[in-house]
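Here is a short report on one chain. Look at the sequence and structure first, then read on.

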Amino acid sequence: MGLLRVMMPPKLQLLALLAFAVAMFFLENQIQKLEESRGKHEVREIEQRHTQDGLRERDSAAALSSSEDDVVIIYNRVPKTASTSFTNIAYDLCGKNHYHVLHINTTKNNPVMSLQDQVRFVKNVTEWREMKPAFYHGHVSFLDFTKFGVKKKPIYINVIRDPIERLVSYYYFLRFGDDYRPGLRRRKQGDKKTFDECVSAGGSDCAPEKLWLQIPFFCGHYSECWNVGSQWALEQAKYNLVNEYMLVGVTEELEDFVMMLEAALPRFFKGATELYKTGKKSHLRKTSEKKPPTKESIAKLQQSPIWKMENEFYEFALEQFQFVRAHAVREKDGELYLLAQNFFYEKIYPKN
């Protein structure tokens, strides 16, 4: 600048100084605009990240809700195992817990569906979105959904009973009905013969072949399942019980079954245990005029290989249920308590 002052006239020096000042002002202004633009861009990035995080959380919550609602339970109930008492709990809770209950009413209570009805049923259960979440129940034998190309299978549950006690209950039910619908005329109404008299006379309604029911219900829609005394059917029933059913309870320990279902499937069974203990419908259905069989009648039935197979299946189911229960509940002062969650996650990588 000293050299300019010597060589340039005063007016030109002033103009040069003004030009320099304008250039510096323009440069500072551009730098400020760049900084403001960068700041706005960073704010937008942060907002976008927050928005994306919010959308992901919303989508995750929606997916969770959708997965909880896209659930179907099938209770292919065996006759005279307290199935109506348990089903009443599902009906009582469906409004409060927001799911649908549907009864599978087959012609003449036939537990085996035709092939075309199997296809229809599988299609209904998997695609009837308006009914989901759903609880289906009916006297239908196990149906393998994977045979029909279904990726997401329903959840199967069931309850079984001591085979002789179940047969005795069914025998008197056909003659005297129960206190659920006392005015309904039953198929064997008027027959006053006791179960013991039937066994003594070798009657067909108390024959060992009538014990063959719980095995085929779990075995399924294969012809061999319904061949009385089939060893293959017994093994298949055991396989299905362990691999295809989430939980199988026993009539004699129904409260424990209800409690475990509430813990495992609260979407459906929240409040079920309290309802079972205090509700009016839980023990509503009781067979009328039922008389316990004598030791002689029981001993005679137990000589049958059919009883031995059905009892083996019952004992197998009972052992499995008690194993699951032992890892789920504890008893204290005569009351059952569910165990708290007994696992957690750690060493989660990569770190954010």
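## Helix and surface patch

M24 lies in helix α2, which covers residues 10–69. Helices (H or I, at least four residues) and strands (E, at least two) are DSSP runs, numbered from the N terminus. This is a predicted model: local features need pLDDT of at least 70, side-chain atom pairs count only at pLDDT 80 or more, and totals for chains, interfaces and linings use all residues. Residues are numbered from 1 along each chain as its sequence is written, and side-chain values use heavy atoms, with hydrogens and water left out.

M24 is partly exposed, because its relative accessible area is 35%. Buried means under 20% relative accessible area, exposed over 50%, and partly exposed in between (1.4 Å probe, protein chains only). F20, M24, L27 and I31 make a nonpolar surface patch of about 380 Å². Patch residues have over 30% relative accessible area and no salt bridge; like charges are joined within 9 Å, nonpolar side chains (Val, Leu, Ile, Met, Phe, Trp, Tyr) within 5 Å. A salt bridge is a side-chain nitrogen of Lys or Arg within 4 Å of a carboxyl oxygen of Asp or Glu.

## Disulfides

The structure has two disulfides (cysteine sulfur atoms within 2.5 Å). In sequence order, the bonded cysteines of the chain pair 1-2, 3-4.

C198 is joined to C206, with an S to S distance of 2.2 Å. The torsion about their S-S bond is about -95 degrees, so this disulfide is left-handed. Both C198 and C206 are buried.

C219 and C225 form a disulfide with sulfur atoms 2.0 Å apart. Their link is left-handed, with -65 degrees about the S-S bond. C219 is buried, because its relative accessibility is 0%. C225 is buried too, with a relative accessible area of 0%.

## The chain as a whole

The chain has 13 helices and seven strands. Of its 352 residues, 39% count as buried. Its accessible surface is about 21700 Å², and 55% of that belongs to carbon and sulfur atoms. Areas come from the Shrake-Rupley method with a 1.4 Å probe; for residues, only the protein chains shown count as cover.

Among contacts (heavy atoms within 4.5 Å) with a separation of 6 or more, 73% join residues 24 or more positions apart.

## Confidence

The average pLDDT of the chain is 86, and 79% of the residues score at least 70. pLDDT is the predictor's confidence in each residue, from 0 to 100. Over residues 60–64 pLDDT stays under 50, and the model has zero contacts there beyond four places in sequence. Where pLDDT is low, the predicted coordinates should not be read in detail.
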